[in-house]
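Please read this briefing alongside the sequence and the coordinates.

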Amino acid sequence: MTFIRPNFRHPENHTNERGFSIKNYEGALSTLCAGCGHDSISASIIKSCFELNLEPHKIAKISGIGCSSKTPTYFLGKAHGFNSVHGRMPSVTTGANMANKDLLYIGVSGDGDTASIGMGQFAHVVRRNLNMVYIVMNNGCYGLTKGQDSATADKGSAGKKGVPSPFDSIDLCELALQLGAGMVARSFSGDKKQLVPLIKAAIKHNGFAFIDVVSPCVTFNNTPNSTKGYEWVRDHMEATGTIDFIPHQSEITVDYPEGSSRTVAMHDGSALTLQKNQHDYDLSCRKEAINRIETVKMQQKILTGLMYLNESESDTHGRINTSDQALNSLAQSELCPGSTVLDALNASLR
């Protein structure tokens with residue numbers, strides 16, 4: 001772990017299409033424990049935003065309380081940010097989103113922040129299908145208060161104290177599916193190859209996109225008996241498939257039979273070789289996604305990857321028919337209907 005970040009960047013480090021370098025997406029130096037999985041997630045967010053050519057000042061990052069909720073300080077330093085109270089990130093994000101729908105909202109939370117204190121808020125932001133990316137950094141414990149079990153600690157798993165949890169855990173992916181989330185995925189903080197495409201897909205998804213990221217707490221919950229530790233997760237991961245993300249551009253179409261491969265030229269000049277698998281899992285079927293999670297869980301494994309995707313649902317703005325413009329761009333005459341309209345409205349209610 002270093003306490004100094006050099007300002008020097010290699011002169012040949014490339015910039016993205018917006019002219020930004022990776023430095024423009026970084027934040028302050030992390031003060032989390034060395035080896036904390038949360039820092040890897042922050043790095044994946046930085047990489048995703050850089051590669052998607054996003055403008056940092058058009059992003060809002062919002063969090064609650066906990067180790068995970070400190071991390072917005074460590075990424076997207078030029079973005080808007082708000083550190084709310086414990087478990088209240090969803091309502092603050094909802095308010096900001098209602099006022100300005102033009103920003104990209106990235107909400108960061110922990111398993112305690114979401115599955116305990118903020119459970120009610122989580123349920124309602126999912127069912128409203130708020131257009132946001134919701135990332136849970138899930139380490140199965142309250143690291144900031146010395147490692148007590150959280151609601152996502154699996155029954156029988158043991159943290160640093162070695163006492164197995166006597167309670168059934170909450171599976172946030174299953175809960176998000178049942179509440180109607182449009183996109184649900186799970187990944188591991190140590191697997192950037194899988195996590196970065198998932199974050200990119202979540203950013204581009206119109207509606208509520210949820211990613212549960214198993215992120216070991218190296219200080220309080222990284223034992224071989226903990227299902228949130230590095231050793232256990234690496235030995236018991238099962239991925240839904242190899243996921244890649246292609247930004248929306250002019251359509252590239254290919255047609256080839258299942259079980260064969262095809263090399264496709266991409267928009268950025270690179271080539272992508274596709275291997276078409278035999279399909280046995282419909283990503284748009286909520287029931288199949290829940291069944292797959294349960295099946296893999298019974299095998300004592302962790303299902304990772306994209307589990308469910310439904311792009312046909314309207315987000316919160318569509319459901320309650322809000323203005324197409326952000327409130328801060330509306331003139332007073334548009335925000336105030338005038339006394340004539342108000343009088344007519346009052347009369348209609350008498």
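The points below are grouped by topic.

This is a predicted model, in which local features need pLDDT of at least 70 and side-chain atom pairs count only at pLDDT 80 or more, whereas totals for chains, interfaces and linings use all residues. Residues are numbered from 1 along each chain as its sequence is written, and side-chain values use heavy atoms, with hydrogens and water left out.

**Overall make-up**
- The protein chain contains 12 helices and 12 strands, these being DSSP runs numbered from the N terminus (helices H or I, at least four residues; strands E, at least two).
- Of the 350 residues in the protein chain, 43% are buried, where buried means under 20% relative accessible area, exposed over 50% and partly exposed in between, with a 1.4 Å probe and protein chains only.
- Taking contacts (heavy atoms within 4.5 Å) between residues at least 6 apart in sequence, 68% join residues at least 24 apart.

**The sheet**
- Eight strands form an open sheet with mixed pairing, in the order β2-β1-β3-β4-β8-β7-β12-β9; two strands pair if DSSP finds at least two bridges between them.
- Its edges are β2 (80-83) and β9 (237-239), each of which pairs on one side only, and the twist averages 20 degrees from one strand to the next.
- Strand β9 runs parallel to β12 (residues 302-309), to which 3 bridges join it, and A239 stands opposite T304 in β12.

**Helices on the sheet and against each other**
- Helix α5 (residues 119-127) lies across β4 (132-138) and β8 (208-214), at about 135 degrees to β8; axes are lines fitted to C-alpha atoms, for helices over the stretch in contact, and angles run from 0 to 180 degrees between N-to-C directions.
- Helix α7 (residues 192-204) also packs on the sheet, touching β3 (104-110), β4, β7 (183-188), β8, β9 and β12, and its direction makes about 155 degrees with that of β7.
- The axes of α3 (residues 89-99) and α5 come within 8 Å and cross at roughly 35 degrees, the contact being made by P90, S91 and T94 of α3 and Q121, F122 and V125 of α5.

**Cysteines**
- The structure holds 0 disulfides, a disulfide being a pair of cysteine sulfur atoms within 2.5 Å; for C33, the nearest cysteine sulfur, that of C217, is 6.3 Å away.
- C33 counts as partly exposed because its relative accessibility is 40%, whereas C173 counts as buried because its relative accessibility is 0%.
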